[in-house]
Amino acid sequence: MTKTDHSVLSELLDEELGSDPTTVRHLTNHLPMALVAKANLGADDDELRRFATIYARRNVPLATVQHELTRANWTSAIGHKGASGDLRNYFVRVVSDAGVDETLRAHLPALLPGISGAAFHGAIRLAYALEVQSPTRVAAGLSYLAEVAAPLGPITPSDTKSDDPVELMVNFSSSHRWTSAAKDQNIGERMHSLAQEEGFQPLASSLQLDEHTGQILAEAALLIYAATNDFTALHGVTGMAAISSLRLWIDDPSQVDLFSFQALAAAYLTINAPPLWSPERLDDFVASNATTRADVGLVGATNNDEHVSKLIYTAHRNWEATGDPLYLAVAARKAGLLDARD
């Protein structure tokens, strides 16, 4: 991710550290992520302050420390909602003592099985914290990832093998019946519930892994979002990008790919595995995009919807890395500058 050096951004991010990583409605606190996205899309100081003032009304103070966690017992808090104060206290101490790199290498492997927790937002918050390179913000990102890292379940062996995740998901969805998620469940809860159903666990091990798998999964997430314009699918795009940025600190990339595919498959199935576009349909969609990147970026920089800003920022960065114009088209659509039917 591109580094940012913005004094007002730093000031606002530091102020946010006093807030809990979840809001008064028990949803993810997107403020630090949105601020980084907006700043990199060109938001000026006044816009950053305006947005922070509005968004901060949703936030609550960080929970107080209830238990003193140590390296010997910190994993006992993984996936425990309400452990934000304990985990923040722990990771601030560890990062201060051992540094960011060592802390990430020592702790991320234990968090990989739950990397999709809170609709990928633990991983996303950590990735954005690494972008602005503050040890305290990295500690905050790690603590939230640990708090929400609820594993989707064990991955069991499969006789089916393919290097195409889309083919696997589509074929799997057509051969299984899935229980509809409860209407009051959020994205992460729906993914977790579906992953507990009989027959799901072998799916992740069906994917043949190699050095290209991470990029293939990102392309699959983009295809699903392009074809569906679905809110859950949006999180697949931003989630895969965030997880990819954490690879540097994982010794075994195959584990990253394994749990990433498990999460992406769960997300796709929770939206009832809708049909995906053909290459010709994708080409038509890309060709229909007559917007400029600057116009789309301006929407992301000034929007009140944190998901608009984050998706546009992620799409623009991924376009820079890959040259895939489909990223620009989905960003334009999310900005409201391209017909949502396309």
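A cavity here is a set of grid points where a 1.4 Å probe fits but cannot get out, and its lining residues have an atom within 4 Å of a point. Keep in mind that this is a predicted model.

**Exercise 1.** Work out which residues line the second largest cavity and what kinds they are.

*Solution.* Start with the space itself: the volume is about 40 Å³. Next, pick out the lining, which is Ile 224, Thr 232, Ala 233, Gly 236, Leu 264, Ala 267 and Tyr 268. Finally, sort them by type, and you get 5 nonpolar, 2 polar and no charged.

**Exercise 2.** Find which helix gives the most to the lining of the largest cavity.

*Solution.* A search of the whole structure turns up 4 cavities of 30 Å³ or more, and the largest holds about 80 Å³ of space. Its lining includes Leu 13, Met 33, Tyr 128 and Arg 137. Two or more residues come from each of helix 1 (7–16), helix 2 and helix 6 (121–132). Helix 6 gives the most, with 4 residues. By type, the lining splits into 8 nonpolar, no polar and 3 charged.

**Exercise 3.** Decide how helix 2 and helix 3 are arranged: roughly parallel or roughly antiparallel?

*Solution.* Take the geometry first: helix 2 (residues 31–40) and helix 3 (residues 45–55) pack at about 160°, with axes 10 Å apart. Angles over 145 degrees count as roughly antiparallel, so helix 2 is roughly antiparallel to helix 3. The crossing is right-handed. On the helix 2 side, the contact residues include Leu 31 and Leu 35, and on the helix 3 side they include Leu 48 and Phe 51. The contact as a whole has 8 nonpolar, no polar and 3 charged residues.

Methods. Residues numbered from 1 in each chain as written. Predicted model: local features only at pLDDT ≥ 70, side-chain atom pairs only at ≥ 80, totals over all residues. Heavy atoms only, no water. Axes fitted to C-alpha atoms, helices over the stretch in contact; angles between N-to-C directions. Parallel < 35°, antiparallel > 145°, perpendicular 65-115°, else oblique. Left-handed = near helix turned anticlockwise from the far one by under 90°. Contact = heavy atoms within 4.5 Å. Nonpolar A, V, L, I, M, F, W, Y, C, P; charged D, E, K, R; others polar. 1 Å grid on protein atoms, 1.4 Å probe; cavity = no way out; pocket = protein on both sides within 12 Å on 5 of 7 lines; lining within 4 Å. Points joined across faces, edges and corners; volume = space filled by probe spheres on them.
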